[in-house]
Amino acid sequence: MNTDKLLVKPGSKVKLSGRDPGATHGYDKAKATQELQKHKARMDELQEVLFAEKKHALLIVLQAMDAGGKDGTIRNVMTGMNPQGCTVTSFKAPSAEELSHDFLWRVHKAVPGKGHVGVFNRSHYEDVLIVRVHKLVPKSVWSERYGQIATFERLVDENACKIIKFFLHISKDEQKKRLEERIADPTKWWKVNPVDLEEHKRWDEYMAAYEDALSKCSTEQAPWYIIPANRKWFRNVAIAQIVVETLEAMKMHYPKPEFDPAKTAIE
């Protein structure tokens with residue numbers, strides 16, 4: 001797969017209506033399933049080198065509309081990671097303490113240290129998405145945050161933590177279908193929040209907010225990828241391949257031992 005086709009090129013203007021959420025880029029489910037297993041095996045190998053070398057970190061940011069597949073991505077793709085070196089952080093509504101600081105304060109604390117992988121299930125981008133749509137702060141405040149986010153992500157990158165960001169792009173009809181399936185399935189009632197049903201009505205406002213976030217905050221240091229996510233199996237293989245490509249680009253190596261293995265004997 002040519003993952004460059006999923007990349008938001010820095011400086012480009014995103015129109016989500018021109019991105020097909022049902023695209024599969026020549027894959028079918030069987031091929032995607034086979035390649036996903038290959039990528040997960042490679043991910044496991046690379047994560048071990050990352051953990052051993054302790055020169056780099058990786059931050060994976062997942063953003064989507066409700067029912068867009070963030071949890072499913074973590075469950076189906078990130079199982080290729082060793083839990084010892086991978087942390088998932090879910091950003092909910094900020095606490096009183098978090099609100100007393102700048103909006104990036106709680107985010108910076110969750111950035112993974114060298115040797116580790118961090119996954120953000122929602123992220124600092126909520127402060128230019130839900131905050132914007134619901135007018136929780138004035139436009140003069142949230143409009144400044146794009147530059148602040150870009151500066152923050154550059155700082156993280158320059159301190160050896162690579163950031164890759166995924167927008168899981170589903171259609172409005174697909175979201176409606178998934179929300180209806182949750183309501184019909186008693187084992188998924190715990191996932192249902194009436195607020196999500198109201199948010200569905202604000203679809204166009206959210207798409208406009210996402211287009212600005214994707215356009216203004218995709219950089220060489222922290223690129224955005226728009227992942228067609230109507231078909232979960234394609235979403236999974238696309239993200240897994242990009243994670244593997246990102247880890248491989250780090251050119252990692254196991255550290256050299258501080259002893260001579262050839263001269264070491266266990267009696």
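1. H169, which lies in strand β4, counts as buried because its relative accessibility is 5%, where buried means under 20% relative accessible area, exposed means over 50%, and partly exposed is in between, with a 1.4 Å probe and protein chains only. Strands here are DSSP runs of E with at least two residues, and helices are DSSP runs of H or I with at least four, both numbered from the N terminus. Not counting residues up to four places away in sequence, H169 touches L16, R19, D20, P21, I226, I227, P228, A229 and N230, and contact in this note means heavy atoms within 4.5 Å. The C-alpha atoms of H169 and Q63 are separated by 9.0 Å, although the two residues are 106 residues apart along the chain.

2. A word on the basis of these points: this is a predicted model, in which local features need pLDDT of at least 70 and side-chain atom pairs count only at pLDDT 80 or more, while totals for chains, interfaces and linings use all residues. Residues are numbered from 1 along each chain as its sequence is written, and side-chain values use heavy atoms, with hydrogens and water left out.

3. Helix α1 (residues 29-53) and helix α11 (residues 232-248) have axes that come within 9 Å and cross at roughly 30°. That angle makes α1 roughly parallel to α11, since angles under 35 degrees count as roughly parallel, over 145 as roughly antiparallel, 65 to 115 as roughly perpendicular and the rest as oblique. The axes are lines fitted to C-alpha atoms, for helices over the stretch in contact, and the angles run from 0 to 180 degrees between N-to-C directions. The crossing in which α1 passes α11 is left-handed, a term used if the near helix is turned anticlockwise from the far one by less than a right angle, whereas clockwise would be right-handed.

4. Which residues of α1 and α11 meet? On the α1 side they are K29, A32, E35, L36, H39, R42, M43 and L46, and on the α11 side they are W233, N236, V237, A240, Q241, V243, V244, L247 and E248. By class, this contact of α1 with α11 has ten nonpolar, three polar and four charged residues, where Ala, Val, Leu, Ile, Met, Phe, Trp, Tyr, Cys and Pro count as nonpolar, Asp, Glu, Lys and Arg as charged, and the others, Gly among them, as polar.

5. V244, in helix α11, is buried, with a relative accessible area of 6%. Leaving aside its neighbours within four places in sequence, V244 is in contact with H39, R42, M43 and L46. Computed along the sequence in residues, V244 and E45 are 199 apart, yet their C-alpha atoms are 9.8 Å apart in space.6. How many aromatic pairs does a search of the whole structure find? The search finds six, and rings of Phe, Tyr and Trp (its six-membered ring) pair if their centres lie within 6.5 Å, with planes under 30 degrees apart counted as stacked, over 60 as edge-to-face and the rest as tilted. The rings of F91 and F120 have their centres 4.9 Å apart and their planes at 80°, so this pair is edge-to-face. The pair links distant parts of the chain, 29 residues apart, with F91 in the loop between β2 (86-90) and α3 (96-99) and F120 in strand β3 (residues 117-121). Both F91 and F120 are buried.

6. Helix α7 (residues 145-158) contains E153, and E158 also lies in helix α7. Is each of these glutamates buried or exposed? E153 is buried, with a relative accessible area of 1%, whereas E158 is exposed, with a relative accessible area of 57%. Leaving aside its neighbours within four places in sequence, E153 is in contact with H124, Y125, I163, K165, C217 and A222. The C-alpha atoms of E153 and M78, 75 residues apart along the chain, are separated by 22 Å, and those of E158 and I74, 84 residues apart along the chain, by 26 Å.

7. H25, in the segment before α1, has a positive phi of about 50° although it is not a glycine, and H25 is partly exposed, with a relative accessible area of 35%. A160, in the loop between α7 and β4 (161-169), has a positive phi of about 75° and is likewise not a glycine; A160 is partly exposed, with a relative accessible area of 23%.
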